[in-house]
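User: I have a structure to read, and I would like to work through it feature by feature. Where do we begin?

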Amino acid sequence: MYRCGRCGEKLASEFSPIGIQCSKCGFKVFYKERPNRKKVLKAV
Ligand SMILES: [Zn+2]
């Protein structure tokens with residue numbers, strides 16, 4: 001599960017974060033949600 005770093009929009013479960021952007025606001029930084037921690041992912 002990924003979540004937009006700006007608006008928090010949830011994105012489709014399993015995909016590469018490379019080259020994508022939020023369908024809602026166009027932001028390109030996503031957080032990968034995990035049970036215990038979050039990791040920041042930057043889509044280049
Ligand atoms: Zn967004």
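Analyst: Begin with burial. A residue is buried under 20% relative accessible area, exposed over 50%, and partly exposed in between. C7 has 36% relative accessibility, so C7 counts as partly exposed. Keep in mind that this is a predicted model.

User: How much confidence does the predictor have in this protein, and which elements have the lowest and highest mean pLDDT?

Analyst: The general idea first. Where pLDDT is low, the predicted coordinates should not be read in detail. Here the mean pLDDT of the protein is 78, and 75% of its residues reach 70 or more. Among the elements, strand 1 has the highest mean at 87. Strand 4, residues 38-42, has the lowest at 75.

User: How many helices and strands are there?

Analyst: The protein has zero helices and four strands. Read along the sequence, the pattern is β-β-β-β.

User: What geometry does the site of the zinc ion have?

Analyst: Compare with the ideal. For four tetrahedral donors the ideal angle is 109.5 degrees. At this site the angles among the four donor atoms run from 103 to 115 degrees, and the site is tetrahedral.

User: Where is C7 found, and which residues does C7 touch?

Analyst: C7 is in the loop between strand 1 and strand 2. Leaving aside residues up to four places away in sequence, C7 touches C22, K24 and C25. Of these, C22 and C25 are also zinc donors. For a sense of distance, C7 and F30 are 23 residues apart in sequence, and their C-alpha atoms are 9.9 Å apart.

User: How many salt bridges are counted, and which side chains meet?

Analyst: A salt bridge needs a Lys or Arg side-chain nitrogen within 4 Å of an Asp or Glu carboxyl oxygen. The count is one salt bridge. It joins the side chains of E9 and K24, with N to O at 3.5 Å. This pair links distant parts of the chain, 15 residues apart. E9 lies in the loop between strand 1 (2-4) and strand 2 (10-11). K24 lies in the loop between strand 2 and strand 3 (29-33).

User: How accessible are E9 and K24?

Analyst: E9 is partly exposed, at 26% relative accessible area. K24 reaches 61% relative accessibility, so K24 counts as exposed.

User: What about Y2: where is Y2 found, and is Y2 buried or exposed?

Analyst: Y2 is in strand 1. Its relative accessible area is 7%, so Y2 is buried. Y2 and V29 are 27 residues apart in sequence, with 9.8 Å between their C-alpha atoms.

User: Now the whole protein. What share of its residues count as buried, and what is its accessible surface?

Analyst: Of 44 residues, 18% count as buried. The accessible surface comes to about 3,400 Å², and 49% of that belongs to carbon and sulfur atoms.

User: What share of contacts join residues at least 24 apart?

Analyst: Among contacts between residues at least 6 apart in sequence, 32% join residues at least 24 apart.

Definitions and conventions. Residues numbered from 1 in each chain as written. Predicted model: local features only at pLDDT ≥ 70, side-chain atom pairs only at ≥ 80, totals over all residues. Heavy atoms only, no water. Helix = DSSP H or I, 4+ residues; strand = E, 2+ residues; numbered from the N terminus. Buried < 20%, exposed > 50% of the residue type's maximum accessible area, 1.4 Å probe, protein only. pLDDT = per-residue confidence, 0-100. Donors = N, O, S within 2.8 Å, 3.2 Å for Na, K, Ca; no water. Tetrahedral: all angles 85-135°; square planar, octahedral: opposite > 155°, others 65-115°. Contact = heavy atoms within 4.5 Å. Areas by Shrake-Rupley, 256 points an atom, 1.4 Å probe, with all protein chains shown as cover.
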